[in-house]
Amino acid sequence: MEMEAKKKVLSCIQPSGMLTLGNYLGALKNWLNMQEEFDCTFAVADLHAITVRQEPAKLRQQIYSTYALMLALGLDPEKSTLFIQSHVAAHSQLAWLLSCYTQFGEMSRMTQFKDKSAKHADNVNVGLFSYPVLMAADILLYKPDFVPVGADQKQHLEIARDIAERFNGIYGDVFTIPDPYIPKIGARVMSLQDPTKKMSKSDENLNSWVAILDNPDDIMRKFKRAVTDSEARVCIGEEKHGINNLIGIYSAVTGKTAEQITAEFEGKGYGDFKLAVGEAVVEELRPIRERYEAIIKDKAALEELYRNGAQKAEYVARKTLSKAMKKVGFVL
Ligand code: TYM
């Protein structure tokens, strides 16, 4: 009997600074869960990182570090394609093509552009504006069925689908229309200090976010200081943003439901609950940090892996790019 081909998955992550618990629960943990069942391609989106100004030496370090972290998570280069976006030129090439099939009005509506251009008012560059087109190229080159991301990337994914549908509408069946894969729990991990805002590594308040590579003491301190409310009951509530967020984190890490968590902490204070969440996160992240420390030391091994990964990615990406270019009328 013929084996049914595995469905395809693609996702990317920016190498901007330390990756957070939000990146982990919203995206990376699912990447790992999908690795066995699907044909997966994952990349470090370094081209996206320069839409805000980066210091060269630091950027280089962060690219290495993010790639090493993907391996430390348990992503296996034998099973999945793991590469660095800028090593596969087809990403930039397809982005140019697609930008000619994307409307100015569509890009101006992107909420992340509005947020980021307000935050970096002195550097509202064209790359920041057209960033979702590059992301569409990342996705469409690999014809994935699913794209696992956190909730903040949903709008970008919708635009990728719109662009693909438009292109297919003109030229026939070139791109696969991908579905977002957004986890039920963990899709929007919030700041520990202002739980109405997304947890983000660019937050200046260092107590507001947990890095995947934070040491246990720092993780515990951050959870102990997490903002809650005055009700002192561990349960989901409309105005209980801080507790809702901690329940979400605890649930994503332990697999317990919100009801089970409420029952577990019945009659106990927030202090006990925050300690339990901190400890669960420490234990979840501990093996990743330990593996990371070993992997990052061996630059030669890393280099061999990302070069091989790029070769595998290149093969797939080139085929899609050529097909799209031929359809448009380029001479190949
Ligand atoms: P980036 O690098 O900001 O984030 C990587 C992934 O982490 C998720 N995420 C979160 N999830 C839950 N709670 C949070 N607080 C949180 N913060 C971040 C993001 O949703 C994302 O899934 N544009 C993308 C990178 C990218 C990409 C792609 C993704 C480039 N090309 C193609 C998918 C497909 C970005 O900036 O993610």
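Q: How far does a polar side-chain atom of Gln14 lie from an oxygen atom of the ligand?
A: The model is a predicted one. Gln14 is among the residues that come nearest to the ligand, along with Tyr131, Asp138, Asp152 and Val189. The distance from a polar side-chain atom of Gln14 to an oxygen atom of the ligand is 2.8 Å.

Q: How much of the accessible area of the ligand does the protein cover?
A: On its own, the ligand has 710 Å² of accessible area. The part of this area that the protein covers is 97%.

Q: How many residues of the shell around the ligand are nonpolar?
A: There are 26 residues around the ligand. S1, H1 and helix H7 (126-140) each supply at least two residues of this shell. The shell holds 4 charged residues and 9 polar ones, and the nonpolar residues number 13.

Q: Is strand S2 mostly covered or mostly uncovered?
A: Strand S2 spans residues 39-44. A residue counts as buried when its relative accessible area is under 20%. In S2, 5 of the 6 residues are buried, so by this cut-off the strand is mostly covered.

Q: What is the handedness of the β-α-β crossover from S1 to S2?
A: Strand S1 (residues 8-13) and S2 run parallel and are joined by 6 bridges. Between the two strands the chain passes through helix H1 (residues 21-34), and the crossover is right-handed.

Q: Which residue in S3 is the bridge partner of Ala43?
A: S2 also pairs with strand S3 (residues 81-84). This pairing is parallel and has 4 bridges. In S3, the partner of Ala43 is Phe83.

Q: Why does His48 count as buried?
A: His48 sits in helix H2 (residues 46-49). The cut-off for a buried residue is under 20% relative accessible area. His48 counts as buried because its relative accessibility is 3%.

Q: Which residue has a side chain joined to that of His48 by a polar contact of 3.2 Å?
A: His48 belongs to helix H2. The polar contact links its side chain, at 3.2 Å, to the side chain of Gln85.

Note on methods. Residues numbered from 1 in each chain as written. Predicted model: local features only at pLDDT ≥ 70, side-chain atom pairs only at ≥ 80, totals over all residues. Heavy atoms only, no water. Buried < 20%, exposed > 50% of the residue type's maximum accessible area, 1.4 Å probe, protein only. Pairing = 2+ DSSP bridges. Right-handed = clockwise from strand over helix to strand, strands pointing away. Near = heavy atom within 4 Å. Polar contact = N/O pair within 3.5 Å; in protein donor to acceptor, adjacent residues only side chain to side chain. Areas by Shrake-Rupley, 256 points an atom, 1.4 Å probe, with all protein chains shown as cover. Nonpolar A, V, L, I, M, F, W, Y, C, P; charged D, E, K, R; others polar.
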